[in-house]
Amino acid sequence: MSVSTFADEEQAKFNQYVADLKVEAIEKGFSKKIVDNAFATVKFKKKVIKADKNQPEVKETLETYLPKRVPKWKIDRARKLYKENQTELEKIAAKYGVQARFIVALWGLESNFGKIQGSHPVISSVVTLAYDGRREALYKRQLWAALTILEEGHIDLDHFKGSWAGAMGQTQFMPTSFNAYAVDYDGDGKKDIWQNKLDAFASIANYLKKAGWNDSLTWGRQVVLPEGFNSEHILQRGTRTRKQWLENWNKSERGLADWQALGLRRTDGTDLPNVGITAALVMPDDENGRMYLAYDNYKALMHWNRSYYFATSVGYLSDRIGYPKI
């Protein structure tokens, strides 16, 4: 079979898949006009499949990751933008019960403060990933959510862009997360996480609040372990689901006084805070790497993105934003 014939056959299969999706969308109650418009420009995106299959495999450690993800220029910019937006940020922080420094940290790490949002048409991305088949159910859910966003009029099709995987706007929400957490903060009738930074700030805060955030706590602290520490107390790695991860969290979690008694100390060797809160012991790398006592808010960051590197980088940047006080 020639290459061109194979390509023609593949295109025909994709076209049939799209036709079937359109029928399914209308059966789900989406208007024919929305469906026809949304699918009119759908294309199979080879780049999306290539990006999905070629996730970076470079061996990182927190020692290499944090300086790249949270360089000094990003800390300086985060502090500058916090100051510029302080009045509104603190109003949103008070309304949702989420410290403003964490809102800015997520904004900075997800989209470089709104500058890098992705230029891939969302509908084409999620249809391509559904067609690819490895996670079809997941990406069909994202497609129905994306059609809901268009039907509700939060953005027009021409500007409905995101990352290759379908993450959108200044918050980099997937379509399902948008529908669950995005906020129309300024009351203009649109949840605009693309152009409206106040909607983006409030949406970040709303996500964290709904994930269980407590603004009387911070996220965690780096600690040092004593010689001969029993590694069974460390939060177990290698979980496939959030439910399993939370079960492992519960096994590790204990009060700070208990961690103190087990020999944990701050990085400068002084005692842990004498406060009645609990924490799990998190190991992003291995027993020779950094160790963190993570408080309940860390669970909310891991709900956003279940990556120890990501959650720790948000906490690290938020600390650099918050101290010294702006």
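How do S4 and strand S6 pair, and over how many bridges? S4 and S6 (residues 278–282) run in the antiparallel sense, with two bridges between them; pairing here takes at least two bridges found by DSSP. Keep in mind that this is a predicted model, so local features need pLDDT of at least 70 and side-chain atom pairs count only at pLDDT 80 or more, while totals for chains, interfaces and linings use all residues. Residues are numbered from 1 along each chain as its sequence is written, and side-chain values use heavy atoms, with hydrogens and water left out.

**The sheet**
- S4 and S6 belong to an open sheet of five strands, ordered S4-S6-S7-S3-S5 with antiparallel pairing.
- Strand S4 (254–255) and strand S5 (265–266) sit at the edges with a single partner strand each, so one side of each has no neighbour in the sheet.
- Look at Arg 254 for one of the bridges: its partner in S6 is Ala 279.
- Strands (E, at least two residues) and helices (H or I, at least four) are DSSP runs, numbered from the N terminus.

**The nonpolar cores**
- A nonpolar core is a set of buried Ala, Val, Leu, Ile, Met, Phe, Trp, Tyr and Cys residues joined through side-chain atoms within 4.5 Å.
- Buried stands for under 20% relative accessible area, exposed for over 50%, and partly exposed for what lies in between (1.4 Å probe, protein chains only).
- The largest nonpolar core has 89 residues, and Phe 39, Leu 147, Phe 160 and Leu 208 touch the most other members.
- Helix H7 (residues 100–111) is the top contributor to this core, giving eight residues.
- There's another core apart from it, with 13 residues that include Leu 264, Met 283, Leu 293 and Tyr 295.
- Setting aside neighbours within four places in sequence, Phe 160 is in contact (heavy atoms within 4.5 Å) with His 120, Pro 121, Val 122, Ile 123, Ala 146, Ile 149, Leu 150, Ile 155, Met 168 and Trp 194.

**Helix H7**
- H7 is mostly covered, with twelve of its twelve residues buried; among them are Arg 101, Trp 107 and Glu 110.
- Those buried residues pack against helix H4 (62–69), helix H5 (72–84), helix H6 (86–96), helix H11 (197–210), helix H14 (296–304) and H15.
- From first C-alpha to last, the twelve residues of H7 reach 17 Å, close to the expected 16 Å, where the expected span is 1.5 Å times one less than the number of residues.

- Phe 113 isn't a glycine, yet its phi is positive, near 60°.
- You'll find Phe 113 in the loop between H7 and strand S1 (120–121), and it counts as buried because its relative accessibility is 6%.
- Gln 172 also has a positive phi, about 55°, without being a glycine.
- Gln 172 sits in the loop between strand S2 (161–162) and helix H10 (175–181); at 15% relative accessibility, Gln 172 counts as buried.
- Tyr 323 and Pro 324 are joined by a cis peptide bond, with omega about -5°, and Pro 324 falls in the segment after helix H15 (308–322).

**Out at Lys 50**
- Lys 50, in helix H3 (residues 46–53), counts as exposed because its relative accessibility is 57%.
- Lys 50 and Ile 321 are 271 residues apart along the chain, and their C-alpha atoms are separated by 36 Å.
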